[in-house]
Amino acid sequence: LSLDMAQPETMTAIEVDGPTHYLIKGKGKQQIENGRTKLKSRILRQLGWTVLHVPYFEWDTLIDASDQDTYLESKINFAFF
């Protein structure tokens with residue numbers, strides 16, 4: 001398996017998920033993870049990894065580096081604290 005970012009010491013992976021990681025569902029065009037992305041996350045979790053996903057449609061709404069830092073900090077805090 002390849003990872004976008006990994007810290008093996010803490011078994012933490014950050015996956016930056018672009019449009020090819022998603023399927024469009026329903027009339028509201030809700031985006032849901034595709035099977036391949038779900039399987040990869042499931043395998044990593046079974047191996048003891050914490051997997052943080054950064055969906056492109058959330059990242060693209062962030063205005064500047066400060067917003068991006070805050071976003072990543074909140075993802076990490078939610079996963080570990």
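Me: Helices (H or I, at least four residues) and strands (E, at least two) are DSSP runs, numbered from the N terminus. Before we use them, what kind of model is this?

Reply: This is a predicted model, in which local features need pLDDT of at least 70 and side-chain atom pairs count only at pLDDT 80 or more, whereas totals for chains, interfaces and linings use all residues. Residues are numbered from 1 along each chain as its sequence is written, and side-chain values use heavy atoms, with hydrogens and water left out.

Me: Let us start with the inside. How many cavities of 30 Å³ or more are there?

Reply: The count is 1 cavity of 30 Å³ or more. On a 1 Å grid over the protein atoms alone, a cavity is a set of points where a 1.4 Å probe fits but cannot get out, and its lining residues have an atom within 4 Å of a point. The volume of the largest cavity is about 30 Å³, taken as the space filled by probe spheres set on the points, which are joined across faces, edges and corners.

Me: Which residues line the largest cavity?

Reply: Its lining consists of E15, H21, T37, K40, S41, L44, V51 and H53.

Me: What is H53 in contact with, leaving aside its neighbours within four places in sequence?

Reply: Counting heavy atoms within 4.5 Å as contact, H53 meets E15, D17, E33, T37, S41, Y71 and K75.

Me: Now the open spaces. How much space lies in the largest pocket?

Reply: About 240 Å³ lies there. A pocket is an open set of points with protein on both sides within 12 Å along at least five of seven lines.

Me: Which residues are closest to its centre?

Reply: The largest pocket is lined by 13 residues, and E33, L52, H53, P55 and K75 are the closest to its centre.

Me: What about the second largest pocket: how much space lies in it, and which residues line it?

Reply: The second largest pocket holds about 200 Å³ of space. Its lining is made up of L1, S2, T20, H21, N34, R36, T37, L39, K40 and I43.

Me: Change of topic: in which strand does T12 lie, and is T12 buried or exposed?

Reply: T12 is part of strand β2, residues 12–17. T12 counts as buried because its relative accessibility is 10%.

Me: What does T12 touch, not counting residues up to four places away in sequence?

Reply: T12 touches M5, A6, Q7, W49, T50, L52 and F80.

Technical notes: Buried means under 20% relative accessible area, exposed over 50%, partly exposed in between (1.4 Å probe, protein chains only).
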